[in-house]
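Open the model in your viewer and keep the selection panel at hand. Each stop below says what to select and what is there.

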Amino acid sequence: MKKIAILGSTGSIGTQTLDVVRANGDIEGLGISAGRNVKMLEEQAREFHPQLIAVWDENAAKDLAYRLADMDVKIVSGMEGLLELARMPQTDILVTAVVGMIGIRPTMEGIKAGKDIALANKETLVTAGHLIIPMAKEHGVQILPVDSEHSAIFQSLQGNQDNEIRRILLTASGGPFRGYSLEQLEQVSLEQALNHPNWSMGSKITIDSATMMNKGLEVIEARWLFDVPLEKIQVVVHPQSILHSAVEYMDSSVIG
């Protein structure tokens with residue numbers, strides 16, 4: 001039985017993680033957390049019966065405690081609450097699915113507590129990769145990429161440790177404005193930017209995808225995750241999003 005805690009259980013990645021828990025009898029969600037989405041946290045608590053719930057907003061935590069007064073669950077708040085969830089002694093894996101740099105300290109706390117990290121928080125490696133990766137090696141824990149592109153690269157590397165990497169092919173859909181001229185880009189609206197052609201994601205990631213900023217962050221993330229220099233990472237615009245990413249090796253083989 002794998003036991004997990006989820007930082008950001010009400011977002012896109014968090015709810016999909018709970019879908020996996022729901023579909024598999026060998027995974028148990030012992031800890032969940034969110035910023036202030038009390039309604040969804042209550043629904044998740046009543047379905048999955050976690051031992052600990054961390055809520056970033058203190059008032060929202062009090063509201064949740066009132067709603068769940070009939071349940072045997074501990075509710076904590078703020079950064080200290082996230083850190084407590086990250087180091088839960090009963091868990092094996094910490095899923096870090098919060099948005100922004102708020103995920104850095106809890107991720108470090110999980111690593112120090114010996115948890116494998118299922119990472120879906122780009123900012124953790126973009127801003128602190130030079131700290132996170134050495135710390136993970138020191139404590140003997142795995143950093144398992146959850147985002148589709150980096151998960152694809154991770155899978156394409158398995159069993160090929162003796163085959164030198166020529167380059168990582170990091171795919172991008174191009175977003176809603178692929179092919180637009182500079183003049184057209186001056187006229188685009190927020191609604192257009194939020195209308196991603198391929199994926200349903202949170203608003204921040206969708207906007208970052210429309211501007212291609214998201215892909216820039218993923219390049220930095222790949223550099224840390226896979227220990228390759230930036231010149232070996234090539235972004236390939238692939239509008240169909242069939243191939244999530246690939247690795248080209250020195251023997252000219254490509255695994256995707």
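**Stop 1: a pair of charged side chains**

Select Arg67 and Asp63, whose side chains meet in a salt bridge, with 3.3 Å from N to O. The model is a predicted one. Side chains of opposite charge can pair when their charged atoms come close. Arg67 and Asp63 are four residues apart in helix α3, so about one helical turn separates them. The count for the model comes to 19 salt bridges.

**Stop 2: the seven-stranded sheet**

Next, show the strands β1 to β7. In which order do the seven strands of this open sheet lie? The order is β4-β3-β2-β1-β5-β6-β7, and the pairing is parallel. β4 (74-77) and β7 (143-145) stand at the edges with a single partner strand each, so one side of each has no neighbour in the sheet. From one strand to the next, the twist averages 20°.

Now select β5 (residues 93-96) and β6 (residues 116-119), which pair in the parallel sense over four bridges. Find Thr96; its bridge partner in β6 is Leu119.

**Stop 3: the four-stranded sheet**

Move on to the open sheet of four strands, with the order β9-β8-β10-β11 and mixed pairing. Its edge strands, β9 (233-237) and β11 (254-255), each pair on one side only. Select β10 (residues 245-249) and β11: they run antiparallel, joined by two bridges. Here Val247 stands opposite Ile255 in β11.

Two helices pack on this sheet. Helix α7 touches β8 (165-172), β10 and β11, and its direction makes about 35° with that of β10. Helix α11 touches β8 and β9, at about 150° to the direction of β8.

**Stop 4: the two helices together**

Finally, select α7 (residues 148-157) and α11 (residues 213-226). What is the angle at which α7 and α11 pack? The angle is about 30°, and the axes are 10 Å apart. The two helices are therefore roughly parallel to each other, and their crossing is right-handed.

Show side chains where the helices meet: Glu149, His150, Ile153, Phe154 and Leu157 in α7 against Lys215, Glu218, Glu221, Ala222, Leu225 and Phe226 in α11. By class, this contact has six nonpolar, one polar and four charged residues.

Key:
Residues numbered from 1 in each chain as written. Predicted model: local features only at pLDDT ≥ 70, side-chain atom pairs only at ≥ 80, totals over all residues. Heavy atoms only, no water. Axes fitted to C-alpha atoms, helices over the stretch in contact; angles between N-to-C directions. Parallel < 35°, antiparallel > 145°, perpendicular 65-115°, else oblique. Left-handed = near helix turned anticlockwise from the far one by under 90°. Contact = heavy atoms within 4.5 Å. Nonpolar A, V, L, I, M, F, W, Y, C, P; charged D, E, K, R; others polar. Pairing = 2+ DSSP bridges. Salt bridge = Lys/Arg side-chain N within 4 Å of Asp/Glu carboxyl O.
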